[in-house]
Amino acid sequence: MRARSRTKVMLALAAAAIVGGLAVARGRSEAQTPSPAPTSAGVGTVGDVPFDHTIHAGKYGIPCLDCHAFADKSPVAGLPSGRKCMGCHKFVAKEKPAVQTLAAHVEAGEPLRWQRVFSVPDFVYFSHRMHVRANVACAECHGDVAAMKTVVQQRAFTMGRCMGCHKERNATHDCLGCHK
Amino acid sequence: MIDTPAAAAANPISQIERDTLATMTRTSWRYWLGLGAAASLVALGGWAWSTMLRQGLGVTGLNSPVMWGSLITTFVFFIGVSHSGTLVSAILFFTRSPLRAAVGRSAEKMTLVAILTAGLYPVIHIGRSWLFFFVLPYPNQRGIWPNFRSPLTWDVFAICSYVTVSALFVYMGMLPDLALLARRIGGWRRPLYRLLSLGFSGTDGEWCLLERAYPIFAGIVIPLAISVHSVVSWDFAMTIMPGWHSAIFAPYFVAGAIFSGIAMAILLLSALRRGYRLGRYIKEAHFDLLAKLMLAMSLVMTFVYATEFFMAFYRGDSTEAELFRWRATGAYAPIFWLVVLCNSVVPLVCFWKRARHSLRVLVVVSVVVTIGMWFERFLFIVTTLAHNFDPFAWRIYKPTLRELAVCLGGFGWFVMLFLLLIKIFPSMSVAEIMEGEHASHGEAPHA
Amino acid sequence: MKTGRRGFLGAAVGTMGAGLVAGCSKRLPRYLIPHVIPPDDAVPGIARHYRTICRECPASCGVTARVREGRVVKLEGNPDHPLSQGALCPRGQATIEGLYSPDRLGTPLTTTGKIGWDAAEGALAAGIKRALDAQKLVVVLTRPELGSVGALFRTWLTALGQQPSQVVTFDAMDRPWLREGARLAFGANANPVPDIAAAKLLLSIGDDLVEEGAVVEQARALADLRAAGGRFVYIGPRLSLTAAAADEWLSVEPGTELLLVLGLARRVLELVGPDAPEGLAVATLRARLAPYDATTVAARTKIGAATLERLARDFLRTRPSLCLGPGRAVAGNNAPALAEAIYVLNAVAGNLQRTLRFLPRPQGAWAGPSMELAELTRRAAAGEVGALIVHHANPHGYGPLFAKLAAALEKVPFVAAFNNQLDETGRHAHLLLPDHHFLETWSDATVRDGVTGIQQAAMIPLLDTRAAADELLVAARSLGKATGLPDGAFGDSVRASFDVKEVERGGKFSEATAASGTLADGALAGAVAALDLAGPADGLPLVVASTLRQLDGLPPTSALLQEMPDPLTSISWGGWVELHPTTASALGVVEGDVISLEGTAGRTELPAHVTIGLREGVVAVPVGYAIPLLDGSPPALGFMTRVRAHRTGAKVAPPHVPGGQSQHGAELSREVTPSRRLPMAPKLPSMNPPVEHPLHRWGLAIDLDRCNGCGACVAACYVENNIPIVGPEEVAKGRDMSWLTIQSFIKDGGDGAAEVSFLPLGCQQCENAPCETVCPTFATYHTKEGLNAQVYSRCVGTRYCENNCPYHVRRFNFFDPKHGPRDSLGLNPDVTVRGRGVTEKCTFCVQRIRGGEEKAKVEGRPVRDGEIVSACAQTCPAHAIVFGDLKDPTSQVSRMAKDQRAYRLLEELNTKPGVVYLARQREKKEGT
Amino acid sequence: MREELVAVFGDPDSAAHALRALREDRVTTARVLSSAPFPAVHETGRPGPWRALGWIALVGGLTGLSCAMALEVATSRSMDLIVGGKPIVSWTAFGVVMFELTMLFAGLSNFTALVILSAFTRRSVSRRARREVTTDRLVVVVPLEGCSADREAAIRRLLSGAVEVRP
């Protein structure tokens, strides 16, 4: 009896060791691609101009490309310039205190500092242009931003995720497509 | 040392037990000295490696085009050492050789320790050791896998299997001893043995199972052992480099492996015999046999060297001919001739019976062979890289002290593990020895 | 302008975050900062290109600056500019380093320390005022300024009531003897300009076309000449790059070149007989050339009489021929006479107006009489100069060569220096004003009649610098003497003088109007100076070797140019002295012995490099390291002198790139002769299915017959691909990271004349790549477009691939990578910066391929041939490297691959490389 | 406690004698315990499922082989990258890993089988008897279910060579 239970123990231990080893290895590999922690600090400037996607993209349904104007012509999507913000806010909601601070910033020529939420490691060359051209909806990677008061990254940009989508759409899975 | 029947007569069993378990029970100052020395070598090597990790492989003497050097040399060397143990033991088992009871266990342990040492070096020598797991096939978030067409991937599998199987091989053979130890040895080791003996209690049923399982396992070990060193040789033979790309490599490596393995075995066994007065079990006849084997291997090596040169010049491939000309006359010529001396000339003394029977001579020869084999690996790895297709890229490589420290650390690690193993597990199969003693002194068993 | 700049600055800062995402940052920034007011049509992540000119040397080639996120990341030749025609020399490629150098000055300095700009401007005005009040001269000492800036100096001086001629041009690498020779031969206002490509036989008297002057243009012309079946003979003591490119290298007793040329002239004149070119005063010439009969000349020059005869006959038979020179390597103190004799030889052979054209002297407000250095020296020493404006000139840097001038300048009460960095002259200045880098400011340069390149501000000044021109204007205004000077910023006035089209093309380019010139009656009238080499009589003649790495005659400061090995010796980092084996054994010297050289001017110590690429009994030193040996009479570099040489006993290993310079029978760099063709490529069977390339199979063709080993490709590769700089110690250990190596093999081509063959070697992008199979992690593999991919993020650094690469073109990062000055902002954001422990290699500039393909895809069209080029092919001055699609039979690269000179490296290994070499042609017999 | 005789022998030969004697007396249920493989342990007609081991090892080996095949082919296909111009699925190259895994699995299964099977077989001998065996003592166990007293006496006589015999 005892002998048998010992056997079980041994096997269990071995199994545990293997699983644990794999887990560690995985952890290491994850660590290699810094998956950005969901930031609670709202998207916006140093803090005094809170920006809310639910209003702009949600309530008023402004298309992403209106503000992230480079997404279809450049690897980087880009962010709206102060002038662009004022383009609307000269007329819209200009009584709101936040908008007034914004106006003040732009007047003083101070650029807005936007909190970075999404990023890929520096050895990955992601091109917004090619993905927008391939009609990949922004939400597929960025999630339903229109519904987020503060934008958070719901799923980490892991390579597996890229590969999955690329295989699905039978896009290139040549390593040099992203690693140069 | 001759064993007197009288000595056995007193109380054969307990006498045998005392002797065979001596390595575990008696701990002389020599042991501690050896262990300390080995441990400090390991510490040195560890420090040297840490500098490689912190600053980069630039602290080695490697350069372009000589990208592999003393580290890989040490890897191949220890793979070689690991080779003979299990193989010899398994072969002796099938040949029902009396040698086995005495030397088999130590040989198997040596194998285990050596492969554990060798396994370190691929990890140490790569540029990003911390990403070593990239070569393991496991489902990962990247959704990518290793390349099964690469000899290095074969290596990973070969070495892992070899570690596992040879560990189990020792273990299986030790089961009865462990059961016995669980009764005999007290203190902290007892629970360990209780656990490890897996409840083996010597019923006739268990013996029958064991006696069936063991030969099967031995049958698995032999081809595996041969395959491991062939795979390591293919790391080189599968390339297109002159001096590497050659069909002779697998057998050549296997022979070299057994050669160096036996030398190492002689060293360890003589140490055991000396340190624990086991002359009664590790007999001169055994050393004599090992010496003959070593001699045979030495002759094989000499033949291989000759063949290599013959082929190089016969083929008329200018690159290869130039390489071998340079190997014997160029910057590394001293090493080449050292290797010839150590591996082809010195072992010839084993032709003389007196040499084979003097432990001193054998030890010296074994040390020489060990040195010779290390440099032989070094020679063929470095010369090929330093002097091949593009003359503009030819360049000499000299290992730095850091590198050599890491290699020494390996030797320290090897000795340390071995010393620890003999302290924890018996160095001879108690059961087999008793069986053997009984067969030779008790009345003949009936059919 | 200012607001525009601020907006631009916005661009620079604003999209930095974005830039870095796509770029090479080690840590990603936490914030993204868009502009307040975005600049028009600036798209972050997309490169913009500005046509401008390179000011690294007076040649002023046209370049295109690639700008990412407001940072210039690379210079490439301007395809529309007649000089560069798309190519650029290594020096130009390395410019980026100077731009981002941490040594750049950010604030004005006085003798007491840093001061603000207002104070500096005050001090400048005050200094000038003192000079004016004291009725002393205000002089501008400037680097060659062939355009608006030069013109401004003159008008500025006029406005101050000074003579416009008080602009003194300082150019240490100037070759005044050529002008002097032209004056002697053709009279004062003739401007002879050789047309190399038009010649069938080119005879260079030590004129290193590939290393001196407008190298890009000359290298191309030389390659074209030989490609068109022309023959090139080089006569000089040293086997320079130019000599290596020649079909025949001859050398004469050092200093007797003049005799040789005169001898040739005499013989040619005899041979041409009655049908001598009209307008030639045959009789007088005969008389003047009489003393130089073949026997005496042959005897003195130690060139065989037969060779002399052959040269003379060739020179006449294969017309139009052209004789050029003298270059620095043979310029003795009779250089003007030699130059004159060479012009005469051309005239006698009837090459005038055919290969030796005459152009009008470049007109323009900047041209015109100006003070010579000698005069400046005299007047400054006499204390007549009250204020000196030094503009990017560094006479103090040249040691004894300009010692007199330097000493004289000490006497000037007020010296204000404009420069980018603190140099020797700057240290002696009273006021040091940091100027913009030439990529940050506006100007232009007229390199020859009809060719004016515009210099645009391609980026916002990195530091708090100001344009020299603007500062002079400010000073003039504050002194109330601004009459005739442009109001507003100087840059605007320059910009205004070019229309949009011209700005887009990079300048005004029109056909040169031909002018005439004939041999002056006074030609050869002057007594021919018997050459006497300065320096100790028992010394050896010193050859001052021009090299691309030292275009300004000073030891290179750029990390890249120093790391990039000298193509001939494959030595990097530091100088050396070349000796012929016999000379070496006479001195008891072997490779690496440190040798002490003593001239009249001074002494220096250099490691020896023993080579057969040099005439016996002379020593050669790269110009920058010969400085201490050269004395200042007359003020130009490269005057041949004698030096004593003996070994010091010390020994160093000069940092060689591996460099066994013999091929040991391995036919890597191959040669063909009319008699000997290449063997047929072996047809090798394979067990494997053929590799499919559905769309493209990118390939490279390298014409070794055009390649002159200048190394522009190497420099371009470094800049384009963020290749680390490892430094001298590591190079000596054999750990240079260059993806592209110029392997140079030197052999005795019979009758003592050495022959060099070059082999630019990068990744061969094999179809059956040995490196790929062995990688356990798929970090390297074969792409569908035929590239041998290297995925850095997947590499664990087993270095197995490097072992199994028969070409040894893979490099390993032994330490954390450093990139010299570019580390701050100058790296290419399109290429990953490889980390420690990772293998890297040539990728065929995959980032450029991808860029081109994306562009084509966006525009919905297939990729055009020549649209995608690797950095090396793009910059090659000799157009020796061609990149393209081997799958497209019409592409230039596939056409070259079918050439009968085409071969691939180590074909017998069946690696099927994607790089094709075209064998070098040798032994072109005369008149072929 | 079970009805059995536990005879402790001082040396292998007397144990062997006793067992032979028992067999001649048609006592087939005797079992022997020993700390070393003395011939005595073969005197009880090799009990236990040891014949299964060979087959188990074979099956294990084949499993390893197929695992290796599956792993190599599947992963190579999913990567779909050409290296050195070799086919994606190149059996020659895959052979090595197949061999290694075959051997590994065969060994593992063999060992596991040994451990588990012996855990079962040893249960047929009472724990009491199992405790008796030491290096210098062999133990013979004879179960006595439903056999008469004189039969037991006979058996005890056959075991006379023992150091001691306990009920």
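Biologist: How many residues does the contact take from chain A and from chain C?

Modeller: Quick housekeeping: this is a predicted model, where local features need pLDDT of at least 70 and side-chain atom pairs count only at pLDDT 80 or more, while totals for chains, interfaces and linings use all residues. Residues are numbered from 1 along each chain as its sequence is written, chains are lettered from A in the order in which they are written, and side-chain values use heavy atoms, with hydrogens and water left out.

Now, the contact (heavy atoms within 4.5 Å) takes 35 residues from chain A and 41 residues from chain C. Those of chain A divide into 15 nonpolar, ten polar and ten charged; here Ala, Val, Leu, Ile, Met, Phe, Trp, Tyr, Cys and Pro count as nonpolar, Asp, Glu, Lys and Arg as charged, and the others, Gly among them, as polar.

About 3,500 Å² is buried between the two chains, with carbon and sulfur atoms giving 61%; that's the accessible area (1.4 Å probe) the two parts lose on being put together, summed over both. On the chain A side, Arg116(A), Leu176(A) and Lys180(A) lose the most area to chain C, together 22% of what that side buries.

What about charges? The rule finds two salt bridges across this interface, each a side-chain nitrogen of Lys or Arg within 4 Å of a carboxyl oxygen of Asp or Glu. Glu854(C) forms a salt bridge with Arg129(A), and their closest N and O atoms are 3.0 Å apart.
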